[in-house]
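Open the model in your viewer and keep the selection tool ready.

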Amino acid sequence: MTYTARQLNRATLERQMLLEREPVDLLTAVDKVVAIQAQEPCSPYIALWNRMSGFDPADLDEAFASGVIRKATLMRITLHAVTVRDHEVFHHAMLPALRASRLHDKRFKAMGLTIERADEVLRHMLEFAAEPRTKPELEALLHSHVGDVGEPGIWWALASYAPLVRMPTGGPWSYGPKLSFQTVAIEPRERMAALAEMLRRYLTGFGPATIPDMNQFTMLPRTSIRQALELLDLVRDGDYYDVPNRTIPDEDTPAPPRLMAMWDSTLLAYADRSRIIPHEYRKLVIRNNGDTLPTLLVDGHVAGVWRPNENGGIEASAFHALSEDQWADLAEEAKALHKFLGDREPQVYRRFNRWWTGLPVEQHRIL
């Protein structure tokens, strides 16, 4: 068969729990969506609110605090919230690339340290971080070992690939501006087997997908991806790979509106972003520095952006004209989201308001 664009869209929405909010527990939800972008503390909460029926943010608070959900630097050198099982696999799959991104960088070379010295210092840091440590505490320890090596500092290098997780520090979304880290024990794994398992997990949450899509999700070389795929039992249709025994929804399957979190994984998991983001809107919602705005999904595709209004409600800007029925459905979602945010932090993403200047808005409403 040949997948239509709408079938690929509906496949992503189904696997990402966006065709309907599902009555599953928190760990099941995080497992199903595979990896939740977590640069902004509130984003995993909004992502799960969009996907789970009856989502209680206190459950995610507890999951972070107990360590059953981990927040760590993984794919694309960005923060993700994942299950413990996925973190252990993804860490080993990503480790060579994460190390290389720092230890082969000219900024590390300018520090005058060898890779061997960095690994030696890393061992001291991991021992020190056996209990939660703040970023200043870790930087002070590293300074005691290597002195002043200039900006951006050896912490910048080691933090990207060390087996550390972010520890909750309070605030409305578990993680405030004060950063805390702790070492986690990760059993050794054969790297190519770990990469194969990470790609299999990617396909469970985002398939069917191409090698360029997997490259975009991981930022790993396509040659390595091809080698890892050979270890898996997959189905293939042209350029698309998928796990066995997964059905594709009919392209006419209804897709309810959603108000998506910043950096939602569905917007970043593919080389061909048109699966979710119309081509003409890509540069509007994914800015040059990588900031990915909170978006409106209408009929399964990005139709605009949203932000909390300072006077109350949700401010929605559509890039093309929407019907009154579509606005009414968005208003219902916005009402529920406004209440959800109001219980913790009504004005999320405020520091990103600069991006709203100059957006080509066709319709604008306070919902």
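**Stop one: a helix pair**

Helix α5 passes α10 in a left-handed crossing (left-handed: the near helix is turned anticlockwise from the far one by less than a right angle). The model is predicted, with pLDDT of at least 70 needed for local features and 80 or more for side-chain atom pairs, while totals for chains, interfaces and linings use all residues. Numbering runs from 1 along each chain as its sequence is written, and side-chain values use heavy atoms, without hydrogens and water.

Select 84–103 for α5 and 191–206 for α10. Helices here are DSSP runs of H or I, at least four residues, and strands are runs of E, at least two, numbered from the N terminus. The two pack at about 120°, axes 8 Å apart. Axes are lines fitted to C-alpha atoms over the stretch in contact, and angles run from 0 to 180 degrees between N-to-C directions.

Now show the contact side chains (heavy atoms within 4.5 Å). On α5, pick Asp86, Val89, Phe90, His92, Ala93, Met94 and Pro96; on α10, Arg191, Ala194, Leu195, Glu197, Met198 and Arg201.

**Stop two: the largest pocket**

Centre on Thr73, Leu79, Ala159, Ser160 and Arg166, the closest to the pocket centre of 30 lining residues. A pocket is an open set of points on a 1 Å grid where a 1.4 Å probe fits, with protein on both sides within 12 Å along at least five of seven lines; lining residues have an atom within 4 Å of a point. The volume is about 490 Å³. Helix α5 returns here, giving the largest share of the lining, four residues.

**Stop three: the second largest pocket**

Move to Glu40, Pro41, Tyr175, Gly176 and Pro177, the closest to its centre among 20 lining residues. This pocket has a volume of about 360 Å³.

Terms used:
Grid points are joined across faces, edges and corners, and a volume is the space filled by probe spheres set on the points.
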